[in-house]
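Me: Could you take me through the words used for this structure, and show how each value is set against its definition?

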Amino acid sequence: MPPPLPPKPLQPDRASLSFLFLFLLSLVLYVSLSPSRNTPSPSSSSRNAPTDSLSATHRLFLSLHPGANATIAAHLRTLTLRPHLAGTPAAARTASYVISHLRAAGLRVALADYYPLLSYPASASLAVLRPDGALVKSLPLAEPADLEAAAVPPYHAYSPSGSAVAAPVYVNYGREEDYSALDRLGVDVRGCVAVVRRGGGYRGAVVARAAARGAAAVLMFKAADHGGVERGTVLLGGVGDPLTPGWAAPHTAAVDGGGERLGADDEEVRRRFPKIPSMPVAEVVAMEILRTLGGPPMPRGWGKGLPSAAKSGVGPGPTLVNFTYQEDRKLAKIQNVFGIIRGSEEPDRYIILGNHRDAWTFGAVDPNSGTAALLDVARRYGSLLRSGWRPRRTIILCSWDAEEFGMIGSTEWVEQNLGRLSSEAVVYLNVDCAVQGDGFFASATPQLDKLIVEVTKQIQDPDLEARTVYDSWIVNNGGISKIERLSRADSDFSAFLHLAGVPSVDFYYGDVFPGYHTVFDSYKWMVEHGDPSFHRHVAIAEIWGLLGLRLADDPVLPFDYPFYSAQLHEHATALSALLAGGESVQVQPLNSSIDELTAAITEAVEESKKLQEVDTTEDFAALRRRAFNDRLMLAERGFLEAEGLKGRPCFRHLLYSPPEDSESKLSFFPGIADAISQAGKHAGEEEQLGIQHEIWRVARAIQRAAAALRGELI
């Protein structure tokens, strides 16, 4: 963790006005957000959820419920008054707001500034032409719903500048199966502008796939967007600042003497950017193009959800489109903000809670529903501090910047502190889009599954008074508490898990948000649709805060590795089924290593039971617990491979990094998944040996985790 930097002073008059505004708004919201008969009362969390198994400190944390929904609503209202794209003055204002409230809660505040390469739009144009090149119609690229042009125009960050005058061709979602369908129709996309429907995976991978097929540019739209246009990054090959792969971006913008950066022409940098320009467009704009297409008719299902007038051919042409895009890449200042509570017994063991602060537009869902919840966690922790509580381990609340550009703020900090985090970080608890609808969803590394279940049993369901979050969760998932794995790189847990091997969690309310990365991501949408009473925000804050308290205060870390063993057995079974019939590839090394890990886990469970019964006042007992906790913490690091995945050194976790092939059938064992995808393209003995090599790599990683859990060097 970097040493605390002196915070930048706020203007006294602005701060006073801010607090006065917040106080008055809180009073109004407390009345206006009063629950109806069908919603829980402000104190229902502490009244109805079971608390028998909680400590006095944890019960006090949950008792700080009354009025929390109004306070969170006031935070969200202030944070979303204007768009706050990373690297802009508006983003600096939201940082100041977070700083002031972390201080007001009584937390020590530290800052970490970086100057990465960010990408903004300079200019763009789009027109439909006749086959002879004559202008038919100029098409708007502004967001139809953004009548006041308040937000940054729709664009793809890190799309290269470029232009194309070419025939458009509709490629559906831009997946391999879609291009295969076009091949069967005799449609060639080389030299064309690919019109892509959003939904085929990560947008950068969709653009790269179009480039590999020879397309000249990509126009991407979302069906039924209602006038919103989805912005986003198309950065490839990893996370973090593209000019500083593997180390932190400099703290100044100076190119000479400010710190090492690679040049824009460096091969490692150029691999991070797509080779062709791309642009998000409104559905109405895409339909203007699609309805002019001839060629073979759309394959079955390709027109689903589209206006009937656009369901014609797939092209190419006969019309042309004239598309130009000019990018503005520059070094820009970003700022991570930290609120720190030093641990009383193990100050060098870190429980890290994080949420990013920057947004493409107003960011009411993504990410400031999480920021508002984080500030409520800070408020409650501050109240505990004033009651005399001190956590056993250090707690760090993190407000990240530039996540939307590719998890840049969190990645630069992890890279800067990788050595210490590798040996001292216990867990990372991430919340991004805290509330985007109804229903609880969670993803985690498996040793945290049981803890998530235990905590959700303690939290009042925000929508049904007679239930806990856990009760509704299992009802919505057919009787199970479904927890996904973090085999993706779409939020700030990525550097912590995939690079540093820190056990991680990500959770939220609501499965799909239709206004994602558009101007509809506003406070108005939240109060009208997402969470009118703000009780879902409260539930997220309480789950988040209670998870942090358990991990900070429990004498023996509440990591449950039997869940990990069971999950790995399931993965191995699924892999065996996928490889069935391939006699040249053996999965047995993987099964043997999982058996070895299972045996180590069984021993650890027995040791944990004994340590729970040891007299906590004995110094030797404290040392034994400390050593055992370190083994629980470091076991996850065993799954890392120092050189990382092939061609992607920032992804070192061999179990749960994202596969390079976004269409892979495996959501685990990414190196194996990539080798299988490669074998599917180039069948041969070498490819089969590649799969076997990756299986051995994973087997060795699991053996390392088993050794770490046992505390053995050899």
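Reply: What follows is a set of questions about terms, each with its answer. This is a predicted model, in which local features need pLDDT of at least 70 and side-chain atom pairs count only at pLDDT 80 or more, while totals for chains, interfaces and linings use all residues. Residues are numbered from 1 along each chain as its sequence is written, and side-chain values use heavy atoms, with hydrogens and water left out.

Me: What makes α20 roughly antiparallel to α22?

Reply: Helix α20 (residues 619–634) and helix α22 (residues 685–710) pack with their axes 7 Å apart, at an angle of about 170°. Angles run from 0 to 180 degrees between N-to-C directions, and the axes are lines fitted to C-alpha atoms, for helices over the stretch in contact. Under 35 degrees counts as roughly parallel, over 145 as roughly antiparallel, 65 to 115 as roughly perpendicular, and the rest as oblique; the angle of about 170° therefore makes α20 roughly antiparallel to α22.

Me: Which residues of α20 and α22 meet?

Reply: Arg 631, Leu 632 and Leu 634 in α20 meet Ala 708, Leu 709 and Arg 710 in α22, where contact means heavy atoms within 4.5 Å. The residues of this contact divide into four nonpolar, no polar and two charged.

Me: Why does Arg 631 count as buried?

Reply: Buried means under 20% relative accessible area, exposed over 50%, and partly exposed in between, with a 1.4 Å probe and protein chains only. Arg 631 has 18% relative accessibility, so Arg 631 counts as buried. Leaving aside neighbours within four places in sequence, Arg 631 is in contact with Glu 607, Ala 708, Leu 709, Arg 710 and Gly 711. The C-alpha atoms of Arg 631 and Arg 710 are separated by 7.2 Å, although the two residues are 79 residues apart along the chain.

Me: Why do β1 and β17 stand at the edges of the sheet?

Reply: Eight strands form an open sheet of mixed pairing, in the order β1-β12-β14-β13-β15-β18-β16-β17, and two strands pair if DSSP finds at least two bridges between them. β1 (108–114) and β17 (483–484) each have a single partner strand, so one side of each is left without a neighbour in the sheet.

Me: How do you know that β15 and β18 pair?

Reply: Three bridges join strand β15 (residues 425–430) to strand β18 (residues 504–509), and the two run parallel. Leu 429 stands opposite Val 505 in β18.

Note on methods
Helix = DSSP H or I, 4+ residues; strand = E, 2+ residues; numbered from the N terminus. Nonpolar A, V, L, I, M, F, W, Y, C, P; charged D, E, K, R; others polar.
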